[in-house]
Amino acid sequence: MNKVQLVGRLTKDAEVRYSQGDSQMAIARFTVAVDRRGKNNEADFISCVAFGKIAQFVEKYFAKGNRIG
């Protein structure tokens with residue numbers, strides 16, 4: 001399995017929703033802007049999804065512009 005480690009900034013606050021049913025699970029969707037190396041000041045925008053306790057952590061502690069890894 002391949003692994004990727006991204007470090008960048010949140011482009012906006014995470015969208016958090018909770019699943020329906022007996023055991024509700026948090027689902028957070030957010031986009032990370034990752035700077036490219038080089039002279040052109042470009043960035044790649046990576047869409048991410050987090051589930052469960054990680055989604056709740058993102059909702060509680062991260063906001064637009066915060067660095068995230």
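Predicted model: local features only at pLDDT ≥ 70, side-chain atom pairs only at ≥ 80, totals over all residues.
How many bridges join strand β2 (residues 15-18) to β3, and in which sense do the two run?

1. Pairing of β2 with β3. Strand β2 is joined to β3 by four bridges, and the two strands run antiparallel. Within this pairing, R17 has I27 of β3 as its bridge partner.

2. Other partners of β3. Strand β1 (residues 8-10) also pairs with β3 (residues 26-35) in the antiparallel sense, over two bridges. Strand β4 is joined to β3 by nine bridges, again with an antiparallel course.

3. Nonpolar core. The largest nonpolar core has 12 residues, namely L10, A14, A26, A28, F30, V32, V34, C48, A50, A55, V58 and I68. Two or more of its residues come from each of β3, β4 and α1 (52-61). The greatest contribution is that of β3, with five residues. As a general point, side chains in a regular strand alternate between the two faces of the sheet.

4. Surroundings of F30. Apart from neighbours within four places in sequence, F30 is in contact with L10, A14, I46, S47, C48, A50, V58 and I68.

5. Surface patch. M25, V49 and F51 form a nonpolar patch on the surface, and their accessible area together is about 260 Å². F51 belongs to strand β4 (residues 43-51). F51 counts as partly exposed because its relative accessibility is 47%, and the partly exposed class lies between the buried limit of 20% and the exposed limit of 50%.

Methods. Residues numbered from 1 in each chain as written. Heavy atoms only, no water. Patch = residues over 30% accessible without salt bridge, like charges linked within 9 Å, V, L, I, M, F, W, Y side chains within 5 Å. Areas by Shrake-Rupley, 256 points an atom, 1.4 Å probe, with all protein chains shown as cover. Salt bridge = Lys/Arg side-chain N within 4 Å of Asp/Glu carboxyl O. Buried < 20%, exposed > 50% of the residue type's maximum accessible area, 1.4 Å probe, protein only. Pairing = 2+ DSSP bridges. Core = buried A, V, L, I, M, F, W, Y, C linked by side-chain atoms within 4.5 Å. Contact = heavy atoms within 4.5 Å.
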